[in-house]
Structures are given as structure tokens and as C-alpha cells.
Amino acid sequence: MGSASLLLGHAHPEVVSALSAVLADGSHFGAPTESMLEWGERVCTLMPSADKVRFVGSGAEATMLAMRVARAHTGKEKIIRWESHYHGWHDYVMPGNVPPFDVPASIGIPQGVIDSIVVLPTDLTALENVLNNDDNIAGVITEASGASYGTVPLPEGFLEGVRRLTREHGVVMILDEVITGFRWAPGGAQESLGIDPDLFTMAKILTGGLPGGAVAGRDEVMAVMHQTGDSHHDRYERVLHGGTFNANPYAAAAGNAALRLVATGEYNAQADLMAERLRVGLREVVDRRELNATVYGEASTFHLYFGERSIAGLDASRLKDQPMAIQRSLRQALQVRGVDLMSRTSGVLSGTHTEADIDFTIEAFDGAIAAMMD
Ligand code: PLP
């Protein structure tokens with residue numbers, strides 16, 4: 001499922017034909033194209049919180065740019081992030097990415113960067129304490145699904161609480177919709193959950209399976225990206241946003257075709273339906289084989305957790321730390337039966353999966369579990 005970028009399945013005929021139609025025109029004109037403008041307008045039409053949009057080269061670039069915009073808008077430096085939420089691979093999102101959360105997920109991260117990131121458990125009291133005691137907070141970034149496309153679901157009312165507290169403290173709320181954008185609903189989690197972030201990030205489905213990403217948000221916050229005058233000083237009084245392949249014409253063609261299809265809502269509905277069928281089927285196997293495991297997931301995602309019959313009360317350290325032996329054996333046992341998982345013991349569905357695909361997958365899972373129990 002292309003790391004969750006393929007809501008429309010592999011090589012959707014309308015995406016392929018839109019891309020084929022522009023391939024011979026050339027890949028780079030050193031200037032904006034009409035297709036880029038159309039793409040931006042589609043984003044602003046679908047996503048309720050988008051007044052303005054800027055395209056970048058990937059989801060990681062989108063979260064990096066959103067953090068810079070938040071800093072520029074507030075004049076503050078630090079970003080609050082939640083334990084184990086995934087926002088890409090750049091320096092600023094390495095602290096707090098994997099358990100134990102006090103060590104960055106990669107070596108090579110400067111101490112100054114580490115010091116500028118506040119890592120918290122998903123607890124509104126912890127957020128309120130930091131906001132009350134540290135006046136150098138620019139923004140709070142949150143994966144709209146909860147960590148890793150919902151492997152660690154957010155507590156009830158959490159996004160609403162983050163919205164309220166960030167508003168009260170004049171801090172920018174960044175909603176990372178790289179996964180949920182165009183997947184939770186055509187208008188993302190902001191539409192399905194009714195959350196109104198100041199800024200949000202997109203990638204994956206946005207580009208119809210090609211490289212790219214975007215940041216969008218409220219006019220007032222996005223305004224720091226505009227150069228207001230012509231003097232040398234004015235040139236440096238805005239957020240710099242370069243990138244050879246930003247809004248690349250091929251990505252724009254594929255993105256326009258993809259968002260046209262997403263706007264129908266049909267792909268979201270089918271993907272959600274198939275995910276529900278899969279979750280029900282996997283649960284039936286878990287129950288019949290009396291496994292100490294549980295199956296969960298929102299929208300078009302599914303997650304398996306081995307070791308408990310419910311994930312209630314399990315924190316990010318537990319949910320992200322299943323034994324590697326189980327993860328590897330399950331994946332291999334599924335692969336030899338013709339099924340692969342996106343990551344760990346989780347995955348996403350597309351709007352082109354059929355009931356037959358799902359039933360095949362459930363049977364493969366049953367066979368894989370039987371082999372593992374032998
Ligand atoms: N944010 C989230 C929520 C993601 O899931 C990902 C990628 O999986 C990213 C950001 C980074 O996107 P990219 O891999 O396009 O850099």
C-alpha cells in the first residue's frame with residue numbers, strides 16, 4: 001500500500017492516464033504551472049482548514065516547514081511533540097520518536113536541536129503544565145490518528161484539548177495529516193473529527209502515489225511565508241521555502257487526478273468497509289484460536305497487538321514494543337501465503353480492495369497463525 005499513499009490502489013487508470021498525458025511535456029519549467037494552481041485549489045476545497053497551501057518534496061519536508069512557520073509566526077523556538085508520533089526522518093522529529101523516548105531515534109542529531117523539542121506523553125495535564133511554565137513554545141505537532149497511523153490511539157477528546165490549550169496560549173497547533181489527509185475522509189481528520197488546526201501537513205495520497213507533500217493552514221499563520229517588499233531586508237523577513245521539485249508538474253498531474261477521485265468519497269467508503277471486514281475476520285481467527293491478542297483500528301487501518309486481549313490502558317512504550325520475534329514470524333508466515341504487512345503488525349486498505357482480497361488475507365492470517373503455533 002505504498003506506505004499508505006495508495007488509497008486508489010496501484011496504478012489507478014485515471015492517475016496513469018493523467019500522468020501519461022503530461023510526461024512528454026517535460027519534467028521541469030523552473031516556474032509554477034497551471035496544474036500546480038489547480039492542485040492547490042483542490043486542496044483548499046477539500047480541506048476545511050486550508051486558506052493557503054505550499055507544496056514541498058515529501059511528508060518529512062512538510063513537517064519541517066510547518067515547524068519553521070510556527071516558529072516564525074510566534075517568534076518562539078520550541079516545539080512540543082508526543083511520544084512515538086511519526087513525522088518523518090529530519091533532525092527535529094528524531095527526539096521522542098521511539099521508546100525509550102529520552103534518546104533520539106537516530107544518532108547524528110545536534111544537542112541544540114534536541115533541546116528545542118519537548119517530548120510528552122499524550123496527556124493534556126502534561127501539556128498544560130509545559131504551556132504554563134515555558135514561554136518559549138512555538139507549536140504543538142500531533143499525528144491526527146495517534147502515533148503511527150493509530151497504533152497508539154489518542155485518548156478521548158485529546159485533539160479538542162490540544163486545540164483549546166494551544167489557542168489559550170497563543171501556540172500554533174500543527175496537525176500532521178500525512179496519513180489521515182484524504183484517508184480519514186476526503187477532507188482528512190480535520191473534516192471527520194471537526195478539528196480546526198492552525199497548520200497541517202499532507203503527503204502520500206495528496207500526490208497520487210508520486211513524491212511530494214504540502215503544508216496548509218490559516219492565512220494569518222501562512223502569511224510569514226510571503227515576502228512583503230523588495231528591499232534586501234524584506235527578502236530575509238519571511239520563511240524561506242525552496243525546493244527544486246516542489247509542486248513538480250508530474251506530481252501535480254497525478255495529484256489532481258487523485259484528488260478528483262478522492263472528492264467522490266467512494267474510495268474512502270470502500271477502504272473503510274474493507275478494513276472493517278478485515279478487522280472482524282482477524283478477530284474471529286484470534287478468538288477461535290484463543291490467542292492472547294487484540295485487533296483494532298480506525299477508518300481504513302488495522303492493527304494487531306499480541307500480549308493482551310484489549311489495548312485499554314496500554315501506553316506507547318507497550319504498544320510500540322511487541323516482541324520482534326512475533327513481528328518477524330508473522331510477517332514471514334504471511335508473506336509465504338501471498339500477503340504483506342505495511343509495518344510491524346499493522347496495515348492500511350485501499351478503495352480498490354475487494355471482499356475476495358480480504359477473505360484471502362484472513363485465510364492467510366489463519367494459516368500463518370496455525371504455522372506459528374506449531
Ligand atoms: N508524517 C506522518 C504521519 C507519516 O506517516 C509520515 C510517513 O510515513 C511522514 C510524516 C513523513 O512522510 P515522508 O515519508 O513522505 O517524508
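Which of the 14 residues around the ligand come nearest? In this predicted model, the residues that come nearest to the ligand are S58, G59, A60, G88 and V178. Helix α3, which covers residues 59-74, supplies three residues of the shell around the ligand, and this is the largest share. When the shell is divided by class, seven of its residues are polar, five are nonpolar and two are charged.

The strands of the model are considered next. Seven strands form an open sheet in the order β1-β7-β6-β5-β4-β2-β3, and their pairing is mixed. Strands β1 (52-56) and β3 (117-120) stand at the edges of the sheet; each has a single partner strand, so one side of each is left without a neighbour in the sheet. From one strand to the next, the twist averages 20°. Residue F55 has A214 in β7 as its bridge partner.

Helices are also placed against this sheet. Helix α2, formed by residues 34-46, packs on the sheet and touches β1 and β7. The direction of α2 makes about 125° with that of β1. Helix α5, formed by residues 124-133, lies across β2 (78-82), β3 and β4 (137-143). Relative to β3, helix α5 runs at about 150°.

The crossing in which α1 passes α11 is right-handed. On the side of α1, the contact is made by E14, V15, A18, L19 and V22, while α11 contributes P249, Y250, A253, A254, N256, A257, A258 and L261. By class, 11 residues of this contact between α1 and α11 are nonpolar, one is polar and one is charged.

In the other pair, helix α14 (residues 324-335) packs with helix α15 (residues 355-373) at an angle of about 125°, with the axes 9 Å apart. This arrangement makes α14 oblique to α15. Helix α14 passes α15 in a right-handed crossing. The contact involves S329, L330, A333 and L334 of α14, together with A364, F365, A368, A371 and M372 of α15. Eight residues of the contact of α14 with α15 are nonpolar and one is polar, whereas no charged residue takes part.

Finally, two details of the backbone deserve mention. Most peptide bonds are trans, and most residues other than glycine have a negative phi. Against this background, the bond that joins P99 and P100 is a cis peptide bond, with an omega of about -5°. Residue P100 is placed in the loop between β2 and α4 (111-115). The other detail concerns S148, which is not a glycine and yet has a positive phi of about 50°. Residue S148 is placed in helix α6, which covers residues 147-150.

Terms used. Residues are numbered from 1 along each chain as its sequence is written. This is a predicted model: local features need pLDDT of at least 70, side-chain atom pairs count only at pLDDT 80 or more; totals for chains, interfaces and linings use all residues. A crossing is left-handed if the near helix is turned anticlockwise from the far one by less than a right angle, and right-handed if clockwise. Helices (H or I, at least four residues) and strands (E, at least two) are DSSP runs, numbered from the N terminus. Two residues are in contact if their C-beta atoms, placed from the backbone, lie within 7 Å. Ala, Val, Leu, Ile, Met, Phe, Trp, Tyr, Cys and Pro count as nonpolar, Asp, Glu, Lys and Arg as charged, and the others, Gly among them, as polar. A residue is near a molecule or strand if its C-beta atom, placed from the backbone, lies within 6 Å of it. Two strands pair if DSSP finds at least two bridges between them. Axes are lines fitted to C-alpha atoms, for helices over the stretch in contact, and angles run from 0 to 180 degrees between N-to-C directions. Angles under 35 degrees count as roughly parallel, over 145 as roughly antiparallel, 65 to 115 as roughly perpendicular and the rest as oblique.
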